[in-house]
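Here is a short briefing to read alongside the model. Have the sequence and structure open, and let's walk through them topic by topic.

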Amino acid sequence: MNLSLSSEQEEIRQLVRDFAEREVRPRAEEIDQTSDFPRDLVDKAAGLGLLGILVPDSYGGAGLDHLSFALFIEEVARFSASTAVILDVHVSVGTEPIVLFGSEEQKRRWLPDLAQGRTLAAFALTEPEAGSDAAHLKTSARRRDGKYILNGSKIFITNAGEAGLYVVLASTDASAGAGGVSAFVVRGDNPGLTVGPRFKKMGLNGSAIAEVHLEDCAVPEADRLGAEGDGFRIAMRALDSGRIGISAQAVGLAQGALDDAVAYARERKQFGKPIAELQTIQNKISDMAVKVRAARWLTWQAASLCDAGAPFTMEASMAKLYATDSAMEVTLEALQVLGGYGYLEDYPMARRVRDAKACQIYEGTNQIQRVVIARELLAIS
Amino acid sequence: MNFQLTEEQRQIRETVHDLCLERVEPRAAAIDESGEFPWDIKDLFAKHDILGIPFPPEYGGVSGSALSTILAIEEISKFCATSSLILAVQSLGSLPITLAGSEAQKRKFLPPLARGEQLAAYALTEPGSGSDAGGMRTRATRQGDQYVISGSKTFITGGSVADIVIVFARTDQDGDAPARDISAFIVDKQSPGFRVGKLEKKLGIRGSPTAQLFFEDMVVPAANRLGSEGDGFRIAMRVLDHSRPGIAAQALGIAEGALDLARRYARERKQFGQPISAFQGIQFMLADMATQVEAARVLTYTAGDALDRRQPGISLTSSMAKLHASDTAMRVTTDAVQILGGYGYLREFPAERMMRDAKITQIYEGTNEIQRLVIARELLKQP
């Protein structure tokens, strides 16, 4: 048992913390208010090699582990959860399926650009009628003249319109359920792929989330990931590490909220003394701090199991469930510590509450995480 | 023991419900989006005598019952929390006059409010004095038959649209007994020296203007003082006892609106070949939400009924209602967004607005931390 970060991980943590404080913090409010996609921050993160954090160095990446990835996303999310989710989706569900399941030729073709940030990635699984029920996709892929023709609609796709490559899940055999799903890499400039208007959302303003439509979208056979029918397994594996990223995002949101609540409690005076001296505030701060720390440990546990090559599906679900529920509770409670000021959009607390809610929903709703955990524990399918 | 509403109360509830379903619900999203005060809804409420509900008939109103006011606020809040504040703040701003005004003050100020020709607001909070009224800086100096008031107020709901504002100010400067240093005044927005500062951008209740108010040597006739000098703090506390059940009603309505939305969505949305309402995970969420809502309803109605019967111990009852109903609203709306999943997170659906609106009910009219303080104090002083 070794519960400390390696010196390399400490170095990465310092690097991403500096990046977050210097570059992300000053932009966070503006990104929320304008809802503009923060391409500048994506480019700056790319300049530091962070977009290829999970890509092996032989393909132009940094070749780091999932714990380093979690540190990266947490630090960014302390200030801007929408920037964090853009980066998270690119690194995990957008790029990692190619790292894990791509052929040598596919890796050589795609990974260097993804690792260097010249191309941004997205992941298109969810459909209007297939959210939690991801095995029953309506999007179809039919083979014709050495190509696949994709038809269907995807919804809630992060980085839609900004991505150059989309990992798309489609059904190659509708009668086979989960076993009939295949994964494809579709270029953003494929004429058969169009992106709907960006959704107006409660939060995560700045992260582009939209529908992606596939109309007679022709994809070369060489762009299928894995074998036909491997898609569901690829998607589930992608989501397992995606959940590490979302857990880290939730930890960052909660840590940022806690930091601000602590600072405010020490400054704000009521009844002749700082509210930090009131027991009710102390109780809130303590409860928040315990949740943040437990969430971070769960996240790191899932990441280190993944890095050790051990099974980590249940641990990733536990981390995602606990960290995102904690982020919701902690951001709401931190806002409460700021009272009326917390409710104003001049302070980052209201934004954090709006952003935190998404974490309980995407990358598998928390209801689905409970199903995953229960299935593993009860050994049922 | 009788938990039945009277015929009058049932009628008020039904009238307000039907009107809001038809006229307020279709406006709710646009009110939130624009962040502008919905004058059309204010006129609608005035025309249909909804703004007259908190006022007794002898002052131009239609009821004067706290429970009736609660029922109306609850029904409006099911559809639009911002719109419910038009009534809740009309009630809050007029309560100091109803509870502590002279007969002459009541005759002069209440009828235009009851008819909805004028709007009222309540200005207690200051930048350095939120939960702690002892820290109040605004001062009122007597000069002959006038007072000169200087200072500022913050987080004043409806402060920019009100015609009259109840302003609390320090009349005794030595500060040895904060509870007896404060007086309350009825201030006309036309008074020279009255200025509205910036409107706040908020997480929710976005169509309800939250204003800063500035008073620069503002002159107010002594005849507009409520009660005696030094009565202000007592008036403020009594008003809050009466108004907190109104915020409880707002929270209750928000929670009911969210529960209803989640319930209907759960029956329609299909995953894994069946409606998601067939899954125990969703069923139990709905069951918990409904139980919390029902408890909030009983606490809120009980507080309203206790006010109407002038029962003792109202601080305890009304703080409990406010605390429980607002915590419930926060939980239930958060869960409602969750049940709607990704759709719940979109601005196209009302769930996320309900969640943003719910948060304020835990903060204003005394934060929930202050409610716990009030409840504990009342409990611990009993023999």
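Two residues are in contact here if their C-beta atoms, placed from the backbone, lie within 7 Å. Please keep in mind that this is a predicted model.

**Where the chains touch**
- Chain B brings 31 residues to the contact, and chain A brings 32 residues.
- On the side of chain B that touches chain A, the elements giving two or more residues are α8 (314-344), α9 (351-361) and α10 (368-381) of chain B.
- Of these, α8(B) supplies the largest share, six residues.
- By residue class, this side of chain B splits into 11 nonpolar, 11 polar and nine charged.

**Domains of chain B**
- Chain B is assigned domain 1 (7-114), domain 2 (120-229) and domain 3 (234-381).
- The C-alpha centres of domain 2 and domain 3 of chain B are 30 Å apart.
- Across this pair in chain B, 10 residues of domain 2 are in contact with 10 residues of domain 3.
- The side of domain 2 of chain B that touches domain 3 of chain B consists of seven nonpolar and three polar residues, with no charged ones.

**Domains of chain A**
- For chain A the assignment gives domain 1 (7-119), domain 2 (122-229) and domain 3 (233-378).
- Taken over C-alpha atoms, the centres of domain 2 and domain 3 of chain A are separated by 30 Å.
- In chain A, 12 residues of domain 2 are in contact with 11 residues of domain 3.
- Nine nonpolar, three polar and no charged residues make up the side of domain 2 of chain A that touches domain 3 of chain A.

**The largest nonpolar core**
- This core has 252 residues, and those with the most contacts inside it are A:Phe184, B:Phe185 and B:Ala336.
- Helix α6 (residues 232-268) of chain B gives the most to the core, with 18 residues.
- Beyond its neighbours within four places in sequence, B:Ala336 is in contact with B:Ala258, B:Leu259, B:Leu261, B:Ala262, B:Gly344, B:Ala351 and B:Met354.

**A covered helix in chain A**
- Helix α4 (residues 66-77) of chain A has 12 residues and reaches 16 Å from its first C-alpha to its last, close to the 16 Å expected.
- Is α4(A) mostly covered or mostly uncovered? It is mostly covered, with 12 of its 12 residues buried.
- Among the buried residues of α4(A) are A:His66, A:Glu74 and A:Glu75, as well as A:Phe69 and A:Phe72.
- The cover over the buried residues of α4(A) includes α1 (7-24), α5 (81-101), α7 (231-267) and α8 (279-307) of chain A.

How values were computed:
Residues numbered from 1 in each chain as written. Chains lettered and ligands numbered in written order. Predicted model: local features only at pLDDT ≥ 70, side-chain atom pairs only at ≥ 80, totals over all residues. Domains from an automatic or database assignment. Nonpolar A, V, L, I, M, F, W, Y, C, P; charged D, E, K, R; others polar. Core = buried A, V, L, I, M, F, W, Y, C linked by C-beta atoms within 7 Å. Buried ≥ 20, exposed ≤ 12 C-beta atoms within 10 Å, placed from the backbone. Helix = DSSP H or I, 4+ residues; strand = E, 2+ residues; numbered from the N terminus. Expected span 1.5 Å × (residues − 1).
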